[in-house]
Amino acid sequence: MSKQQNPPLVYEQILERIMNGTFAVGERIPESRLAVMLHVSRSPVHTALLQLAQDGLVTLCPNSSAHVACYSTQDLQDIGTLRLSLDDMAIRLAMLHGSRSDFLALQKLAETCAQGMRTGNNRLRRNADCDFHLLLAKISQNHLLFNFQTELYKRVNFILLTHQNAVVNCTAHIQEHFELVDAIMQHDTALAHHIITHHLASFYYLENLYPPEFLL
């Protein structure tokens, strides 16, 4: 078997095409054409598409065709609700277990995210944004919480790619990362809750889903 026949490598190549926008949202991904493009048989392509479907990036249809995922508002709200619950808990645990070096690492990722926004490097911004929230979960020292966030990582990155206009004020949205780190370092639970709630609720349309008192 050649190196290119390796299913994990084929998976990474298809993932890259999705995450760089080569395959657009909702676009059909024909196994046969993709196999020719990657110089492999259809078997590793099929295996990779099955994994991408588990990751939430590909939708498999009954006729065996595959399409790039297209998230509905309900999908976004479901993911946003889960993220809000996980991040809110991660923040409180980070205040208990985090060190100054941990918080400085969060601050560095916030700076990288801001740099990506300033320079128009959307991929850098997306990756740093996802890494920020993943590190927050790691600092919590709750392995199950970290695993849940890891499973969401690719979905969140994909959402940031395909819903770039979801935030009205991108500068203020990015700034909330810095404000959140400051609140955590000050052990201000109420302020941190307020920041993360606004940060996620505004992006995932949760303000249209839940009554205001639910998000307090």
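This is a predicted model: local features need pLDDT of at least 70, side-chain atom pairs count only at pLDDT 80 or more; totals for chains, interfaces and linings use all residues.
H5 covers residues 100-119 and H6 covers residues 122-139, and their axes come within 7 Å of each other. How do two packed helices get described? By the angle between their axes and the distance between the axes. For this pair, the axes cross at roughly 165 degrees. Angles over 145 degrees count as roughly antiparallel, so that is how H5 and H6 run relative to each other. The crossing of the two is left-handed.

Now look at where H5 and H6 touch. On the H5 side you'll find, among others, Phe103, Leu106, Leu109, Cys113 and Met117, and on the H6 side the residues include Leu124, Ala128, Phe132, Leu135 and Ile139. Charged residues join in too, including Asp102 in H5 and Arg125 in H6. Sorted by class, the contact holds 13 nonpolar, 4 polar and 4 charged residues.

Time to step back to the whole protein. It has 9 helices and 2 strands. Starting at the N terminus, the order of elements is α-α-α-β-β-α-α-α-α-α-α.

What about the overall dimensions? Along the principal axes, the C-alpha atoms fill a box of roughly 55 × 35 × 35 Å.

Finally, how much of the chain is tucked away, and how far along the sequence do contacts reach? Buried residues account for 45% of the 216. Of the contacts between residues at least 6 apart in sequence, 70% join residues at least 24 apart.

Terms used:
Residues are numbered from 1 along each chain as its sequence is written. Side-chain values use heavy atoms; hydrogens and water are left out. Axes are lines fitted to C-alpha atoms, for helices over the stretch in contact, and angles run from 0 to 180 degrees between N-to-C directions. Helices (H or I, at least four residues) and strands (E, at least two) are DSSP runs, numbered from the N terminus. Angles under 35 degrees count as roughly parallel, over 145 as roughly antiparallel, 65 to 115 as roughly perpendicular and the rest as oblique. A crossing is left-handed if the near helix is turned anticlockwise from the far one by less than a right angle, and right-handed if clockwise. Contact means heavy atoms within 4.5 Å. Buried means under 20% relative accessible area, exposed over 50%, partly exposed in between (1.4 Å probe, protein chains only).
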